[in-house]
Amino acid sequence: MDLNLSPEELQFRDELRAWLDANVPHDWSAWREKPMEESFPYLRAWQRKLHEGRWAAVSWPKEYEGRSATLTQQAIFWEEMARVEAPPMANSLGLGLIGPTIIAYGTEAQKSRFIPKILSAEEIWCQGFSEPNAGSDLASLQTEARLDDDHYIVNGQKVWTSYGWVGNWCELVVRTDPNVPKHKGLTVLLIDMKSPGVEVRPLRQMTGESEFNEMFFRDVRVPVENVLGKVNDGWNVAVSTLMHERGAYGARLHPLFKRNINRLIELSRKFQKNGHAAAQDPLTRQKLAQCYAEIEIMRMNQLRAFSRISATGAPGPEGSIQKIFWSELNQRLQQVAQEIFGPYGQLLGGDSHAVDKGIWSYGYLRTRGNTIEAGTSEVQRSIIGHFVLGLPKSY
Amino acid sequence: MEFGLSESQEFLKDSTRKFFAGECPSAEMRRLMETDTAYEASLWSKLTEQGYPGIIFPEAYGGVGLGKVELMLLMEEAGRALLPGPFFSTVVLAGSVIEAVGSPAHKEKYLAPICRGEVRATVALVEASASWNPRDVQLSATNGKLTGEKLFVTDAAIADFLVVVARNGVFVVDSKASGLTISPMSGMDLTRKLYRVEFSNTPAEHIGGTTDLPRALDIATAALAAELVGGMQRILDITVEYAKTRKQFGKPIGMFQAVQHQCADMYLETESSRSAVYYAGWALEENSPDAATAVSIAKMYASDAARTVGNRGIQIHGGMGFTWENDLHLYYRRAKASETAFGDATFHRERIARLVIDEGAVSAKHA
């Protein structure tokens, strides 16, 4: 156990720092308040720039223009990005989840066709997993793909698709064999979103915005060469994507949480509670300290999980701890913020009295989704119960 | 950067686990807890053969010279076995305080015998105010004599000497000193006995000031949290095993999500406590600027988690969990005693607040 950065890690960090100093845009704070539709070209340009510096996909193998970064280096990457308040990348699902799945399961033709454009943000990717009747029970999904000569004909509906409105391509899980147990009849297709029969509609969420979409597929023709992995092995391909979602994602979130708690501590000195600054109120101090501690533990859990992943080669079900830990913590943090701000906490972005232009009222509502998206807390607990603790399957 | 244990650390953890499983199984632990002091000389000499009493102390005093992470691993395994007797009091507590505050001559006199396994010792810190903050100590020595009272002193009746924290320094009092009265306090934890210690014009040897005391207490606090992690792991293991085998409505109860999800939470709480404890050990070893914060985070989280894990474990066991014959309550009792010892979660949250919320406090290493 040695938590000091190794010479290689220091070199990685310093090289990145130097690059960011020279290249990070300084006008993101103005752009971030605009609707995503307006800022999207800006985010594409930023990703392109990162890619030119070979920083867009540090975790990817060197042969795919990544840096074969270790998990620690990936954590350093996200810490440094947060430190300079760098904009997010346009193609975050393509880089974080789908690209690695294509690298793992794709044919050479698929890799050379898709990977370069994922990196350059020329083609944005979305993920078609959940359906109206297949949420936690993903394997029961009904969107069907019927083989017709050298094409699959796809019919069905997907929901909760991030980046659906801007997506050029979609990693779609479909049922190719309805006559076998549900996990065994699934296949992953790579679908061109411009194909005839694809319709994308915005899905308005409780925050009022539309981060997600619904997607409808009516007799959409997909060439057989766009099957990712083996036919009817789609469950394993999809799970590999989900593991990426649960495993390393915490490393990206920690710097953001850290920034939130630091900001909240700063604000607690300004807001009054029981006749003195909230920062002096014993109960508020207890709650802030609890959040601060848990944010530190989130990082330590993450670093320990990294060591296990390094030893075993792949993110495992322990990633479910991270998902439960960060999502529930984020909700508690937002509630503590609300308690500190009192009636100001509810004010939305447009109001001149809103705290930090409404990011906290937004955060309070948005974090309700944290324990649902990317696998509900209930599903995560079942994963731990069965796959980690070896209890019998409950469903 | 590598958070995983090194090969030698894994070896230590593994061999320690086997040692305690062999030398201090549940039946032996239960036998010892029914005795007055929970001390067993033959077990102590076996601990000594392993080098455990000297684990973190310099080789110059006969110690093994390992680091604080290794201490956390040892204490985790001791906690898993619910090791009875004065190991924590003697080694982790008294040993760390003597090492932190004593002169080389005092270390030769008091620390070296601890490393050699020749003596038992403890630290008398808390008074009637029940504060674990050394700044709240009232007892004061006059002309090398102590008069006053200490409470919640662990293992005092089996100690050969007591390390006493006073306003004007740290003192050693011999167990046979005049005017020393040690009387039991009936604590919930049967494996670690508590005592009231009274001094009446009792001669005491000054061994150092209190400046370096917080670091020693931080080592003890983190070690106690490590012990809690071992206890939590044991409760989790027993409970998961029970949930797999106990059947109701024709199914193992672990199949029901109301049970399974509680087990998942026990796992999350145990693993998160472990992460915090290992980090605290590392931060102490490295003298990292956030060492005090890291210790408070570990103790805060583990104190709450151990209680919660115990609650869940007993609940999942149903009626069996409420019986005397089941070991759960013994761990649960230890968890309560250790929760309050060296500051409960509330105490440590306030300490974290002083370290990270109060302006200008961030640079202070110990609060």
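A crossing of two helices is left-handed if the near helix is turned anticlockwise from the far one by less than a right angle, and right-handed if clockwise.

**Before selecting anything**

This is a predicted model, in which local features need pLDDT of at least 70 and side-chain atom pairs count only at pLDDT 80 or more, while totals for chains, interfaces and linings use all residues. Residues are numbered from 1 along each chain as its sequence is written, and chains are lettered from A and ligands numbered from 1 in the order in which they are written.

The model has an ipTM of 0.96 and a pTM of 0.95. Where pLDDT is low, the predicted coordinates should not be read in detail.

**Stop 1: the two chains**

Show both chains. Contact here means that the C-beta atoms of two residues, placed from the backbone, lie within 7 Å. By that rule, 38 residues of chain A touch 39 residues of chain B. On the chain A side, select α9 (282–312), α10 (319–341) and α12 (377–388), the elements that give two or more residues. Helices (H or I, at least four residues) and strands (E, at least two) are DSSP runs, numbered from the N terminus. The largest share, 16 residues, comes from α9(A).

By class, the chain A side has 22 nonpolar, ten polar and six charged residues. Ala, Val, Leu, Ile, Met, Phe, Trp, Tyr, Cys and Pro count as nonpolar, Asp, Glu, Lys and Arg as charged, and the others, Gly among them, as polar.

**Stop 2: α9 and α10 of chain B**

Select residues 291–317 and 328–340 of chain B, which are α9(B) and α10(B); their axes come within 9 Å and cross at roughly 160 degrees. Axes are lines fitted to C-alpha atoms, for helices over the stretch in contact, and angles run from 0 to 180 degrees between N-to-C directions. The two helices are therefore roughly antiparallel. Angles under 35 degrees count as roughly parallel, over 145 as roughly antiparallel, 65 to 115 as roughly perpendicular and the rest as oblique.

This crossing is left-handed. Among the residues in contact are B:Gly310 and B:Gly313 of α9(B), and B:Tyr331 and B:Tyr332 of α10(B). The contact comprises six nonpolar, five polar and three charged residues.

**Stop 3: α5 and α7 of chain B**

Move to residues 87–101 (α5) and 213–245 (α7) of chain B, whose axes come within 8 Å and cross at roughly 155 degrees. This pair, too, is therefore roughly antiparallel, but its crossing is right-handed. Residues to display include B:Phe88 and B:Val92 from α5(B), with B:Ala216 and B:Ile219 from α7(B). Eleven nonpolar, one polar and two charged residues make up this contact.

**Stop 4: strands of chain B**

Strands pair if DSSP finds at least two bridges between them. One open sheet of chain B has four strands in the order β2-β3-β7-β6, paired antiparallel. Its edges are β2 (141–142) and β6 (180–185).

Next select β4 (161–166) and β5 (169–174) of chain B, antiparallel strands joined by six bridges. A hairpin of two residues connects them, and B:Phe161 faces B:Asp174. β5(B) also pairs antiparallel with β8 (205–208) of chain B, over three bridges; there, B:Val170 has B:Gly208 as its bridge partner.
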